[in-house]
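Student: I would like a close look at a single part of this protein. Please start with the sheet and go on from there to what surrounds it.

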Amino acid sequence: MTSAPAPVLIDAHHHLWDLDQRPQPWLDDPDLTSIRRTFTPDDLRSTATRPIAGRHLHGTVAVQCVPEVPETEDLLALAEREPLIEAVVGWADLTSPAIGDTLDRLLAGPGGTYLRSLRHLVQGETEPAWLQRPDVERGLAAARDRGLSYDVLVRSHQLDQAVRLAERFPDLPQVLNHAGKPDIAGRELATWREQVRRLAAHEHVFCKLSGLITEADHDSWTTSDIRPVWDVLLTSFGPDRLMFGSDWPVANLAGGWNRWAATVDELLTDCGESEIHALLAGTATAFYRLPSRG
């Protein structure tokens, strides 16, 4: 008899930083004063106490913040000694002719086996087809050839780049971060909805249910503000290509880990057990090749 999947919870998207060890210049924004301090795995443990569908936090995927290889090295070394972290999404310069050598060094270095995906802050690039640059595509091919995936971080107006990336790299597993950052606060979802559906038509593209509360009004959002986005994601990707992520500690700007967990718990009310398992653990486990459970 096959046993049922273990009732665990994976946070597929969170950040960590030690400001004494490595600066985070993006935190100089006055609106980010409340999170301008060091955040450690112990902080996450003590914060993430709210269960989702009866599941408590079991493992996580730590994601890069700054475009610096040394930060990725820090995260990989931390993963090697920190049981909570089961995978790392790192950064390397995709445009560099030496990208292959950089990735080989990271994979062979301390904690290198935890490197499962790369990410670039495309949301900050003004070039309208940055992901289609020949040097970027060469870098993405180098990642693919080493068995890595790619985390796609774009804003809603850049989703056409993500669609073209999916078309040009059908053999590179991709996951859309923060659902493409829909304009929840402005309630402008029509174009985002169309583009997300186009992207979801590519079966090698997954999506993170993360970062949505910071796209809503930080002070007044409710579950009803999130639900229209949830409905599009669930019908477009399905639970087997959706994964829970907290975007902690950035989520602290709009309510924090536990409030987001409570919201996801509410959104899952009409889902079956197999769907809940996929959203809360199974999809992330498959995409990031985490330790299997069940």
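Which order do the eight strands of the open sheet have, and is the pairing parallel or antiparallel?

Tutor: This is a predicted model, in which local features need pLDDT of at least 70 and side-chain atom pairs count only at pLDDT 80 or more, while totals for chains, interfaces and linings use all residues. Residues are numbered from 1 along each chain as its sequence is written, and side-chain values use heavy atoms, with hydrogens and water left out.

The open sheet has the order S1-S2-S3-S4-S5-S6-S7-S8, and its eight strands pair in parallel. Strands here are DSSP runs of E with at least two residues, helices are runs of H or I with at least four, and both are numbered from the N terminus. Two strands pair if DSSP finds at least two bridges between them. Strands of a sheet pair through backbone hydrogen bonds, either parallel or antiparallel. At the edges stand strand S1 (9–14) and strand S8 (242–244); each has a single partner strand, so one side of each is left without a neighbour in the sheet. From one strand to the next the twist averages 25°. Such angles run from 0 to 180 degrees between N-to-C directions, with axes fitted to C-alpha atoms, for helices over the stretch in contact.

Two of the pairings can be followed in detail. Strand S3 (residues 85–90) and strand S4 (residues 115–120) run parallel and are joined by three bridges. Opposite glycine 90 stands leucine 118 in S4. Strand S6 (residues 174–176) and S7 also run parallel, with three bridges between them. Valine 175 has phenylalanine 206 in S7 as its bridge partner.

Five of its five residues are buried, so S7 is largely enclosed by the rest of the structure. Buried means under 20% relative accessible area, exposed means over 50%, and partly exposed is in between (1.4 Å probe, protein chains only). From S7, Val205, Cys207 and Leu209 point one way, and Phe206 and Lys208 point the other way. Helix H7 (residues 223–237) packs on the sheet and touches strand S7 (205–209) as well as S8. The direction of H7 makes about 155° with that of S7.

In soluble globular proteins, nonpolar side chains tend to be buried together. A nonpolar core is a set of buried Ala, Val, Leu, Ile, Met, Phe, Trp, Tyr and Cys residues joined through side-chain atoms within 4.5 Å. The largest such core has 87 residues, and those with the most contacts inside it are Tyr150, Trp192, Ile226, Leu233, Trp257 and Leu268. H7 gives the largest share of this core, six residues. Apart from this core lies another, of 15 residues, among them Phe206, Ala281, Phe287 and Tyr288.

Leaving aside neighbours within four places in sequence, tryptophan 257 is in contact (heavy atoms within 4.5 Å) with residues including Leu9, Asp11, Leu44, Phe244 and Trp248. Tryptophan 248 is joined to proline 249 by a cis peptide bond, with omega about 0°. Proline 249 lies in the loop between S8 and helix H8 (257–267).

Another loop, between strand S5 (149–152) and helix H5 (159–168), holds valine 154. Valine 154 has 0% relative accessibility and therefore counts as buried. Leaving aside neighbours within four places in sequence, its contacts include Val122, Gln123, Leu131 and Leu176.

Most residues other than glycine have a negative phi, and most peptide bonds are trans. Alanine 53 has a positive phi of about 50°. Alanine 53 sits in the loop between helix H1 (41–47) and strand S2 (57–63), and at 35% relative accessibility this alanine counts as partly exposed. Arginine 289 has a positive phi of about 55°. Arginine 289 is found in the segment after helix H9 (273–288) and is partly exposed, with a relative accessible area of 40%.

As for the setting, the protein has nine helices and eight strands. Of its 294 residues, 56% count as buried.
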